[in-house]
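Please look over the sequence and the model before reading on.

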Amino acid sequence: MLKMNNISKMYQTEMVQTHALRDFNLNVEEGEFIAVTGPSGSGKTTFLNIAGMLEPFTGGEYLLDGIDVGKLNDNQRADLRNQKIGFIFQGFNLIPDLNLYENVEVPLRYRGIKAAERKRRIEQCLEQVGLASRAKHLPQQLSGGQQQRVAIARALAGEPRFLLADEPTGNLDSLMARQVMELLEQINRDGATIIMVTHDAELARRAPRNIQVVDGQLADFTLYQGNPNMAVGA
Amino acid sequence: MFSHYIDLSWRSFKRTPLVSLLMVIAIGVGIGITMTSLSVYHMMSMDPIPEKSDKLFAVQLQSMDEGESWWSPDSMPYQLTYRDTENLLNADLPFKRAALMKTGFSVHLNSDKVKPFLEQTRVASRDAFDMFNLSFINGGVWSKEQESSAAPVAVISQSISKKLFGTSNSVGETFYLDDLSVRVVGVIEDWKLHIKYFDLNNGSFNKPEHIFIPFSLIKANEIDTWGNTNGWKHEPVKVFNDKLQSEKFWLQFWVELNNASEKRVFEAYLENYIAEEKKAGRFTREKAEYKLRDVNQWISYWEVVNEDNKIMVALSFMFLAVCLANILGLLLAKFLRRAPEVGVRRALGASKKQVFFQHIVEVGMLGLFGGVIGIIVAQVGLFGIRQSLSYYDALANMDISMLMTAPLIAISACIIAGLYPAWLVCNTTPATYLKTQ
């Protein structure tokens, strides 16, 4: 479903070349829940951004559902991202001027979904994260945990096949973090594939599959659960 | 999506009301100044009688001797002599013709009812009313007999009629032009013109006259011009008849020719006329020279819209450009501050094109608001011009086409100013902002 072969990413300034990723190989199957760990600066977020087509890679091959991402132009990448990928960020990244309903509506509008269908999906997603009654609230009127649940609702609204979460519990206390994690597990059980970057070892252990990024490469992995045949690494 | 973008733009204005207001005011002032000068220019250059401007021709005859020159672009005299005017007017031709002269009188009722006042008066042949589309409210033009017999009659405007008699229907009433008692035979609607194209000798933008008397009164009552009299050779003028017989230029002449063949017939007539006059010792030049210019050619020939007016419009557009440069700076700051939100939108599936379009709609809305403010500023500016000089009364106005143009210019200008900021913000790498927001 998601396949990265020898992906590399290099940032270049006048003086320095930095390899954020090199020879990065990963194969993700449908329905997996993968926790990505690693020290700060190891390339976890870069991997996630490339997986989400938010930044280009320097070399290698990236196939998403069999589509060669490297050959797509910006509009095609935006379409693919909109249709297949949902994002959850550490900082929630809700748009402050929009209420919860409108925030969840954003990806649906870009997909060109009609108003009635948008309404159905938004209400369903807000219901799923337990915030249906707060639809008209602005993000700043909610707690951090609630905001993250809105972000999850927004990610789910587009019915993505992939959820990419970049430290989704990083700004939350442990109780809220657990609630968000339970929500993600539920979403995974409902069929979505989740890749979650986290620093939290306890949360990582709850994911069926762990991978570790060190110095821009997959260093090691531990398979806690699931199918032992799921290949990780080259 | 367009209505959604409008909604987002409105929210954006509310989010930064001060900066938005500053931009709207900047574009409003720029558009206001531009539209003020553009409106005046537009009125100056507008066709004053579009329905027949290509059918009315000013007649010029080269009656000066060989070697004599005039200050017109082609050295043709702007006006005609009385002899030529009278001859052309009385020629047996099937075309409407207007012989014109500007004069003026002390107008009074020979009573204490109305205070006497000086008023410019137009001496005109009877076809002039039809040729120049003057509308009668009451009565009509004087008869052919009255014209040929130099009857003391007049056609007056509605406003003069009200001023003298307190009514629009003053047909049959008499009033005085100096000592000449004249009877009103017709009342016309006030002649509203922004360019006094039929007589550009004494100011292109002066107001048309309100009193009209027959052309034959010039000779019968020795009515002299209040306009220009130009000579090109020494001619002693001791009595009025000397002026009538002289080669001095002091009258205007127009002819209505409805098609090319009519024009050819009239041109042939002029050539014959010049040839005949040549035999009588006039028109001594080897080649017969005459010109027929339609209304717009005539206006252009007179350079009614001169370089100064064009420079003024250019300067006002430069001022608009300065305003836009300031707006560009403000837009850059505003849009780039929003880069994190754009990053989120991009992550959620917005293409660069959609982000770009969203911002262009926003600057378009800025332009629309600025255009509305600009119209208000322009109205104030035009009011100021009208107050400063009554000469500009008819010119310093904004017609419907200018009213529609103002927001269009404002929107286009803002979109041009917003292209770079919008392009910049849609090209930001979304990933840069997602972690840091």
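Chain B and chain A are joined by three salt bridges, a salt bridge being a side-chain nitrogen of Lys or Arg within 4 Å of a carboxyl oxygen of Asp or Glu. One of them pairs Asp97(A) with Arg15(B), with 2.2 Å between the closest N and O atoms. This is a predicted model, in which local features need pLDDT of at least 70, side-chain atom pairs count only at pLDDT 80 or more, and totals for chains, interfaces and linings use all residues. Residues are numbered from 1 along each chain as its sequence is written, chains are lettered from A and ligands numbered from 1 in the order in which they are written, and side-chain values use heavy atoms, with hydrogens and water left out.

**Chain B against chain A**

- Nine residue pairs are in polar contact between chain B and chain A, both residues at pLDDT 80 or more. A polar contact is a pair of N or O atoms within 3.5 Å; within protein, one must be able to donate a hydrogen and the other to accept it, and residues adjacent in sequence count only if both atoms are side-chain atoms.
- On the side of chain B that touches chain A, the elements giving two or more residues are α1 (2–15), α12 (339–347), α13 (352–388) and α15 (430–434). These helices are DSSP runs (H or I, at least four residues), numbered from the N terminus.
- α12(B) gives the most to this side, with five residues.
- By class, this side of chain B has nine nonpolar, seven polar and eight charged residues. Ala, Val, Leu, Ile, Met, Phe, Trp, Tyr, Cys and Pro count as nonpolar, Asp, Glu, Lys and Arg as charged, and the others, Gly among them, as polar.
- In all, 24 residues of chain B contact 25 residues of chain A (heavy atoms within 4.5 Å).
- The two chains bury about 2,300 Å² between them, 53% of it on carbon and sulfur atoms. Buried area is the accessible area (1.4 Å probe) that two parts lose on being put together, summed over both.

**Domains within chain B**

- Chain B is divided into domain 1 (2–48 + 306–434) and domain 2 (63–256), with bounds from an automatic or database domain assignment.
- Their contact takes ten residues from domain 1 and nine residues from domain 2.
- The centres of the two domains, taken over C-alpha atoms, are 49 Å apart.
- About 840 Å² is buried between domain 1 and domain 2 of chain B, and carbon and sulfur atoms give 68% of that.
- Zero salt bridges are counted between these domains.
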